[in-house]
Amino acid sequence: MQRLISKNKSFRLVQVTDTHLYADTSHVLVGMNCEEGLLDVMELIRKKEKVIAGVLLTGDASQDNSAVSYRRLHTTLATLGARQHWIPGNHDELKAMQKALDPGNRCFDKSIRFGNWLVLMLSSNVVGAVHGFLKKAELEFLEEQLKTTDAQHVLVCLHHNPVPVKAAWLQHHALQNPGAFFDVIDRYPAVRAVLFGHIHHELKRQRNGVTYFGSPSTCIQFHPTSEDFALEHRNPGYRWLELHPDGQLRTGVHRVRNKTYAVDFSGIGY
Ligand SMILES: [Fe+2]
């Protein structure tokens with residue numbers, strides 16, 4: 001476990017998600033160059049954020065699962081000067097991600113301490129599938145961490161959405177066993193929030209005293225209410241989070257402004 005000790009301190013984190021990079025930086029996804037989107041979001045983060053304690057990368061790091069794209073993403077995020085914490089999305093393979101990066105790095109630690117807060121990184125991906133599933137071992141890890149931690153507040157991160165979204169096609173690819181996840185979460189009142197990627201749009205839901213946050217991608221944005229695949233006319237962005245020692249969590253989303261991307265809004269899939 002990584003530990004940043006300072007129980008009276010607040011920690012500012014950023015969530016960067018669904019970067020969908022290719023080995024070849026000239027490749028586009030539904031018309032959009034994802035490398036360009038990421039670099040624009042990086043510039044935005046540098047402009048908006050002063051001190052960052054950590055970068056939460058919540059999956060779909062690469063569109064082609066290439067070592068080159070993982071290494072390039074790691075190098076790009078490292079320019080923020082903060083620790084990185086990675087989990088895989090449905091387009092990634094955890095083993096390929098781990099193999100691509102230096103074996104000594106701590107990106108894949110699943111349990112990170114920020115003062116009074118514990119941040120848990122869960123893997124919900126199913127190799128070869130778009131939907132998510134939390135395996136028994138992952139749920140046992142979650143339970144064990146919640147049972148034994150002396151942290152007063154907990155943030156849980158995973159790639160797939162455990163709460164429903166309004167976009168029907170997207171909901172089809174959600175976490176398939178949210179009930180098993182809620183069974184654990186519901187028994188530990190220290191859980192304050194759950195953070196995920198996958199849905200490529202901003203979302204906030206309350207459930208049993210826990211707040212669930214979805215976030216924009218650094219490339220294409222999915223329409224939040226469409227029956228079928230559809231993109232929204234919004235720019236890439238990131239989520240910032242402030243973990244306060246009293247359990248308060250402040251958060252918001254910043255998006256790239258004053259720029260138009262070559263997105264193909266007539267696209268029927270990705
Ligand atoms: Fe994605």
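User: Which residues touch the most other members of the largest nonpolar core?

Analyst: Happy to start there. In this predicted model, the largest nonpolar core has 59 residues, and Val119, Leu120, Leu122, Leu155, Val156 and Cys157 touch the most other members. As background, nonpolar side chains tend to be buried together in soluble globular proteins.

User: What does leucine 120 touch, leaving out residues up to four places away in sequence?

Analyst: Leucine 120 touches Lys110, Ser111, Leu142, Gln145, Val154, Val156 and Cys157.

User: Why is histidine 198 called buried?

Analyst: The cut-off for buried is 20 or more other C-beta atoms within 10 Å. Histidine 198 has 31, so it counts as buried. Its place is in the loop between strand S8 (191-196) and strand S9 (203-207).

User: And what makes valine 30 partly exposed?

Analyst: Partly exposed covers the counts between the two cut-offs, 12 or fewer for exposed and 20 or more for buried. Valine 30 has 19 other C-beta atoms within 10 Å, so it is partly exposed. You will find valine 30 in the loop between strand S2 (11-16) and helix H1 (34-48).

User: Why does serine 266 count as exposed?

Analyst: Exposed requires 12 or fewer neighbours. Serine 266 has 9 C-beta neighbours inside 10 Å, so it counts as exposed. Serine 266 sits in the segment after strand S12 (249-255). From C-alpha to C-alpha, serine 266 is 41 Å from aspartate 186, and the two are 80 residues apart in sequence.

User: Why do you say that the buried residues of H2 line one face?

Analyst: The buried residues in H2 are Ser69, Tyr70, Arg72, Leu73 and Leu77. Seen down the axis, they fall within an arc of 165°, so they line one face of the helix. The buried residues of H2 pack against S2, strand S3 (54-58), strand S4 (83-87) and helix H3 (94-100).

User: What makes strand S11 mostly covered?

Analyst: Five of the seven residues of S11 (residues 237-243) are buried.

User: How do you know that S11 pairs with S2 and S12?

Analyst: Two strands pair if there are at least two bridges between them. S2 and S11 have five bridges and are antiparallel, with phenylalanine 11 and leucine 243 as bridge partners. S11 and S12 also run antiparallel, joined by seven bridges, and there glycine 237 is bridged to arginine 255. The hairpin of S11 and S12 has five residues between the strands, and glycine 247 takes a positive phi near 100°.

User: How do you know that the chain agrees with a compact globule?

Analyst: With 270 residues, a compact globule would have a radius of gyration near 18 Å; the chain has 17 Å, so it agrees. Its C-alpha atoms fill a box of roughly 50 × 35 × 35 Å along the principal axes. Buried residues make up 40% of the chain, which has six helices and 12 strands.

Technical notes. Residues are numbered from 1 along each chain as its sequence is written. This is a predicted model: local features need pLDDT of at least 70, side-chain atom pairs count only at pLDDT 80 or more; totals for chains, interfaces and linings use all residues. Helices (H or I, at least four residues) and strands (E, at least two) are DSSP runs, numbered from the N terminus. The radius of gyration is taken over C-alpha atoms; the globule rule is 2.2 Å times the number of residues to the power 0.38. The arc is that of the directions from the helix axis to the C-beta atoms. Two residues are in contact if their C-beta atoms, placed from the backbone, lie within 7 Å. A nonpolar core is a set of buried Ala, Val, Leu, Ile, Met, Phe, Trp, Tyr and Cys residues joined through C-beta atoms within 7 Å.
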